[in-house]
Amino acid sequence: SLTVTSASLISLAVTPALPSIAKGLTQQFVATGTYTDGSTADITTSVVWSTSDATVATVSNALGSKGLASGAGVGTATITATSGAIFGDTDLTVTAAVLQSIVVTPAGAFIGRTQTRQYTATGTYSDSSTLDITASVTWSSSSPATATISNAGGSNGLATGVAIGAVTFRATLSGVIGAANATVTP
């Protein structure tokens, strides 16, 4: 007599292979099992996930977010999926946090003609940190005939009213733009 049992798991692959994310961002991993009958299945929710270095990346085993890794620090961590004695893994590289948005303040300000007002650019990064980047951005005015804004060292972000009217000041860094409207008054 021959007894046939259900197919057994013989290997496990973790994808995507060798991904890279910025600090503060997440990466969803998928575990695919291969069985003795040649079939494959997504077993992301049934494996146990682990990381080689939680200071670089953490990975969730919580219901609804299994296999979701989060970049915690710059470096490389190995993300492993385990089912019994079978496991698969891949390396996750976490890079420095990247700039995601810029807020320019004050917004909606009034500037007297020939008067000045200091503008500030605050950057928010992928790890939720914020930084004053006033001196790092490139400042521009939508209407230099109405108001100018300085890029000179020591006076970065200093706006000067030229003529009565509305103007928008923009701060640009690494392709990210922040803006604030202003009105020049008599």
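**Contacts and aromatic pairs**

Tutor: Leaving aside residues up to four places away in sequence, Gly 161 touches Ile 111, Gly 112, Arg 113, Thr 114, Gln 115, Thr 146, Ala 147 and Val 184. Bear in mind that this is a predicted model.

Student: Which strand does Gly 161 lie in?

Tutor: Strand S18, residues 158–161.

Student: Is Gly 161 buried or exposed?

Tutor: Gly 161 has 3% relative accessibility, and the cut-off for buried is under 20%, so Gly 161 counts as buried.

Student: How far is Gly 161 from Ser 136?

Tutor: Their C-alpha atoms are separated by 23 Å, and the two residues are 25 apart along the chain.

Student: On to the rings. How many aromatic pairs are there?

Tutor: A search of the whole structure gives two. One of them is Phe 29 with Trp 49: the ring centres are 6.5 Å apart and the planes are at 35°, so the pair is tilted.

Student: Where do Phe 29 and Trp 49 sit in the chain?

Tutor: Phe 29 is in the loop between strands S3 (26–28) and S4 (30–35), while Trp 49 is in strand S6 (residues 48–51); the pair links distant parts of the chain, 20 residues apart. Phe 29 is buried at 0% relative accessibility, and Trp 49 is buried at 3%.

Student: What about Tyr 119 and Phe 169?

Tutor: They form a tilted aromatic pair, 4.9 Å centre to centre with 55° between the planes. Tyr 119 is in the loop between strands S13 (116–118) and S14 (120–125), and Phe 169 is in strand S19 (residues 165–173), 50 residues apart. Both Tyr 119 and Phe 169 are buried.

How values were computed: Residues are numbered from 1 along each chain as its sequence is written. This is a predicted model: local features need pLDDT of at least 70, side-chain atom pairs count only at pLDDT 80 or more; totals for chains, interfaces and linings use all residues. Side-chain values use heavy atoms; hydrogens and water are left out. Rings of Phe, Tyr and Trp (its six-membered ring) pair if their centres lie within 6.5 Å; planes under 30 degrees apart count as stacked, over 60 as edge-to-face and the rest as tilted. Helices (H or I, at least four residues) and strands (E, at least two) are DSSP runs, numbered from the N terminus. Buried means under 20% relative accessible area, exposed over 50%, partly exposed in between (1.4 Å probe, protein chains only). Contact means heavy atoms within 4.5 Å.
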